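User: I am new to this structure and would like to learn how to read its features one at a time. Could you take me through them, giving the general idea before each case?

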Amino acid sequence: MAVVFVIDRFEGDWAVIELDRLTFNIPKVLLPEGAREGDVIEIKVSVNKKATAKRRKTAQKMMNELFEG
């Protein structure tokens, strides 16, 4: 399924992105250099399972220390 994201405009450090009739903001620094208003962009979101597991392990360790110590 192709999803079309369009850069509607820039507001300070933010880009206003359109997806159909919805809009949301993302930091301008995440866009490719030279991106302009009206450009169609691709956004890929994925889960980093390794980083997620590491984060959960660290959080669990902190909770154990807090409640046991």
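Analyst: Let us begin with a loop: D20 is placed in the loop between strand 2 (14–19) and strand 3 (22–27), where strands (E, at least two residues) and helices (H or I, at least four) are DSSP runs numbered from the N terminus. This is a predicted model, in which local features need pLDDT of at least 70 and side-chain atom pairs count only at pLDDT 80 or more, while totals for chains, interfaces and linings use all residues. Residues are numbered from 1 along each chain as its sequence is written, and side-chain values use heavy atoms, with hydrogens and water left out.

User: What is the phi of D20, and is D20 buried or exposed?

Analyst: The general idea is that most residues other than glycine have a negative phi. In this case phi of D20 is near 55 degrees, a positive value in a residue other than glycine. D20 is also exposed, because its relative accessible area is 69%; here buried means under 20% relative accessible area, exposed over 50% and partly exposed in between, with a 1.4 Å probe and protein chains only. The C-alpha atoms of D20 and V3 are separated by 8.9 Å, although these residues are 17 apart along the chain.

User: How should I read the pairing of the strands, and what is their order in the sheet?

Analyst: Two strands pair if DSSP finds at least two bridges between them. Here four strands make an open sheet in the order 3-2-1-4, with antiparallel pairing, and its edge strands are strand 3 and strand 4, each of which pairs on one side only. Strand 1 (residues 5–11) pairs with strand 2 over six bridges, and among the facing residues are I7 opposite I17 and R9 opposite V16. Six bridges also join strand 2 to strand 3, with T23 in strand 3 as the bridge partner of E18, whereas two bridges join strand 1 to strand 4 (residues 40–41).

User: Which residue has a positive phi in the hairpin of strand 1 and strand 2?

Analyst: That residue is G12, with a phi near 65 degrees, in a hairpin that has two residues between the strands. Strand 2 and strand 3 likewise form a hairpin with two residues between them, and D20 lies in that turn.

User: How many aromatic pairs does a search of the whole structure find?

Analyst: A pair of aromatic rings is described by the distance of the centres and the angle of the planes. Rings of Phe, Tyr and Trp (its six-membered ring) pair if their centres lie within 6.5 Å, and planes under 30 degrees apart count as stacked, over 60 as edge-to-face and the rest as tilted. The search finds one pair: the ring centres of F5 and F24 are 6.1 Å apart and their planes are at 90 degrees, so the pair is edge-to-face. Because F5 lies in strand 1 and F24 in strand 3, the pair ties together parts that are 19 residues apart in sequence.

User: How many residues of helix 1 are buried?

Analyst: The count of buried residues is zero among the 20 residues of helix 1, which is hardly covered.
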